[in-house]
Amino acid sequence: MEHTALLYFVGPAGAGKSTLVATLQEWMQHYRYDGVAINLDPGAESVAYEAAIDVREKFTLREIMDKYNLGPNGAQVVCADLLAVELDWLREQIEEIDCDYFLIDTPGQTELFLYREASKVFVENLSDKSAMVLLLDPLLSRTPEGFVTQLLLASAAHLRFPVPMFPVLTKCDLLKPEEIDQIREWAMDLDKLAMAMPNLAGMSGVLSSELLRVLQVLALESNLIAVSSKEGEGMDDLYSIIQSTFSGGDDLEAHSDNN
Ligand SMILES: Nc1nc2c(ncn2[C@@H]2O[C@H](COP(=O)(O)OP(=O)(O)OP(=O)(O)O)[C@@H](O)[C@H]2O)c(=O)[nH]1
Ligand SMILES: [Mg+2]
C-alpha cells in the first residue's frame, strides 16, 4: 500500500476523463503495469472500464435528484458533499487492493472537484502519493486565450492541491499535427504564448506578463502530453512521466519487490 499512488483525472465536462481512464488502464494491462480504476462520478451512466471501486454503489446522481428534488448541477454539489462522508468507506476499499496506481475518474465539472471540500478531504487523506492528470480541451486550446484560460484553471488546482500536476491535451485526433505542435510549444515556453496574445498584452501588459510568471512559478510551463484515447496515442508518454515522478524513473515493480 505504501507505494500506491492515486491519480485523479480532472477536467471539464466531456473532456474525455472516463475514456482516458479506460484507455490508459487497458494500455497498462497490456504492458503488465498495475493500474486499478475507481469511479467517483455518481452521474456516470456507464463507464468503459471495470471500476474496482464505484461511488454509485453508495448513491447515484439520479437518486439524489429525485430524493432532494434537484436538477443535475445542484445534485452534483450534494453528491460531492455526500462523498466526503464516505471517506472511510473509500479508504477501506482502497486498502484492500494492492496495486501501483489507482486511476480515479472524477465528475464532469472541474470546479466541483476543485472547489468543494470533499475532494480536498480525499486528496489530503487517502494517500501521501497523489497526483492530478489535468485534461485540457483540444478545441479550446487552439487559441492562445483559450489555452491560457485552461492554464489558469490548472493554477487554481495547483494552489488548492499541492500535488504533482500532469497537464494532458486530450482528443488529439481532432487537431492537425501542426496545431498540436503549436500548443505544445506554448506550453513549453509561456513567453511564446504571451507573444501570441497581442491584444492581451496591449490591453493590460503588466497583468498578462505577471500572470505568465505565476504560471511559470507554479511549474505549469510544462512538457504537455498529447493523447488520443480514440487512437490509443500518447499513453506511453503519460505513463512514463507519471512513473518518473513516483519512482524516479525506475519501474515501480522493482520497488514493490523490495517492500
Ligand atoms: N475524437 C475523440 N473523442 C473522444 C476521445 N476521448 C473521448 N472522446 C469522446 O468524448 C466524449 C466524452 O468522453 P468521456 O470520456 O465521457 O468524457 P468525460 O470527461 O468523462 O465526460 P463527463 O464525465 O461527462 O464530464 C465521448 O463521446 C467520447 O467518445 C478521443 O481521444 N478522441
Ligand atoms: Mg466521465
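1. How far does a polar side-chain atom of T19 lie from an oxygen atom of ligand 1? The distance is 2.4 Å. For S18, a polar side-chain atom is 2.8 Å from a ligand 1 oxygen. A15 uses a polar backbone atom, 3.2 Å from an oxygen atom of ligand 1. A polar contact here is a pair of N or O atoms within 3.5 Å. The protein covers 67% of the 650 Å² of accessible area that ligand 1 has on its own (Shrake-Rupley method, 1.4 Å probe).

2. On provenance: this is a predicted model, where local features need pLDDT of at least 70, side-chain atom pairs count only at pLDDT 80 or more, and totals for chains, interfaces and linings use all residues. Residues are numbered from 1 along each chain, chains are lettered from A and ligands numbered from 1 in written order, and side-chain values use heavy atoms, without hydrogens and water.

3. The shell of ligand 1 holds 16 residues (a heavy atom within 4 Å). K17, S18, T19, D173 and S229 are the closest. By class, the shell has 4 nonpolar, 7 polar and 5 charged residues. Ala, Val, Leu, Ile, Met, Phe, Trp, Tyr, Cys and Pro count as nonpolar; Asp, Glu, Lys and Arg as charged; the others, Gly among them, as polar.

4. Helix α1 (residues 17-30) packs on helix α11 (residues 235-247) at about 80 degrees, axes 10 Å apart. The pair is therefore roughly perpendicular (65 to 115 degrees). Axes are lines fitted to C-alpha atoms over the stretch in contact, and angles run from 0 to 180 degrees between N-to-C directions. Helices are DSSP runs (H or I, at least four residues).

5. In α1, L20, T23, L24, W27 and M28 meet M235, D236, L238 and Y239 of α11 (heavy atoms within 4.5 Å). That contact divides into 7 nonpolar, 1 polar and 1 charged residue.

6. Helices α2 (residues 61-68) and α3 (residues 72-85) pack at about 105 degrees, axes 9 Å apart. The contact of α2 with α3 has 9 nonpolar residues, 1 polar and no charged.

Note on methods
Helices (H or I, at least four residues) and strands (E, at least two) are DSSP runs, numbered from the N terminus. A polar contact is a pair of N or O atoms within 3.5 Å; within protein, one must be able to donate a hydrogen and the other to accept it, and residues adjacent in sequence count only if both atoms are side-chain atoms. Angles under 35 degrees count as roughly parallel, over 145 as roughly antiparallel, 65 to 115 as roughly perpendicular and the rest as oblique.
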